[in-house]
Amino acid sequence: YKNRIYVTVGGDIWWGKQECWLKCIDANGTGDITETGEIWSSSLERHSAATPAISNGLIYVTDCGKNLYCFDAENGKQYNKHFLRQDSWSSALAADEKVFVGSRGSDFWIIEQGKNLNVLDSINFDSPIHATPATANGVLYISTMNRLYAIQK
């Protein structure tokens, strides 16, 4: 995104290492950019298994501390943090001016994109959600441990 790479690093789901960050790396560098490539870094509460979602200059990322964060893509400033009912092993989906995210607690959240937290709805599904939601042809797909849901207007 704008010649930058956004990635979660650190932490370890299985061995209890809790420190974790969302990092912004300059994608224009060459060679070993270990010392020079980092533009900014923001701490997450616990380790993360997610890929950041980016929309309108904002980054949405989950962690295993039951959180969904919203950061500024330019400088890493945290705008808000929404507490999910359980850990999230999946990534958030930013689409249609909304953020969609599920958790291992079977809860699924629909949040308005933006710097201010505005929860539009939450739904409790039949089982944990480990997969990132997806969209295609106007349909939202949500995969739980037991079923695949296809939701359309």
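1. Buried means under 20% relative accessible area, exposed over 50%, and partly exposed in between (1.4 Å probe, protein chains only). By that cut-off strand 2 is mostly covered, with five of its seven residues buried. Strands here are DSSP runs of E, at least two residues, numbered from the N terminus.

2. A word on provenance. This is a predicted model: local features need pLDDT of at least 70, and side-chain atom pairs count only at pLDDT 80 or more, while totals for chains, interfaces and linings use all residues. Residues are numbered from 1 along each chain as its sequence is written, and side-chain values use heavy atoms, with hydrogens and water left out.

3. Strand 2 has two partners to check. Pairing requires at least two bridges found by DSSP between the strands. Strand 1 (residues 4–10) runs antiparallel to strand 2, joined by seven bridges. Isoleucine 5 stands opposite isoleucine 25 there. Strand 3 also pairs with strand 2 in the antiparallel sense, over six bridges. Cysteine 20 faces leucine 44 of strand 3.

4. Next, the core. A nonpolar core is a set of buried Ala, Val, Leu, Ile, Met, Phe, Trp, Tyr and Cys residues joined through side-chain atoms within 4.5 Å. The largest one has 12 residues, including Cys20, Leu22, Cys24, Trp40 and Phe71. Strands 2, 3, 5 and 6 each give two or more residues to this core. Strand 2 provides the largest share, three residues. Apart from this core lies another of 11 residues, among them Leu58, Cys70, Ala92 and Ile111.

5. Strand 13 (residues 139–143) pairs with strand 14 over four bridges. Isoleucine 142 has tyrosine 149 in strand 14 as its bridge partner.

6. Salt bridges number six. The criterion is a side-chain nitrogen of Lys or Arg within 4 Å of a carboxyl oxygen of Asp or Glu. Glutamate 45 and lysine 81 form one, with closest N and O atoms 3.1 Å apart. Glutamate 45 lies in the loop between strand 3 and strand 4, lysine 81 in strand 7, so the pair ties together parts 36 residues apart in sequence.

7. One pair deserves a second look. Arginine 104 and aspartate 87 form a salt bridge at 4.0 Å between the closest N and O atoms. Aspartate 87 is buried at 12% relative accessible area, whereas arginine 104 is partly exposed at 30%.
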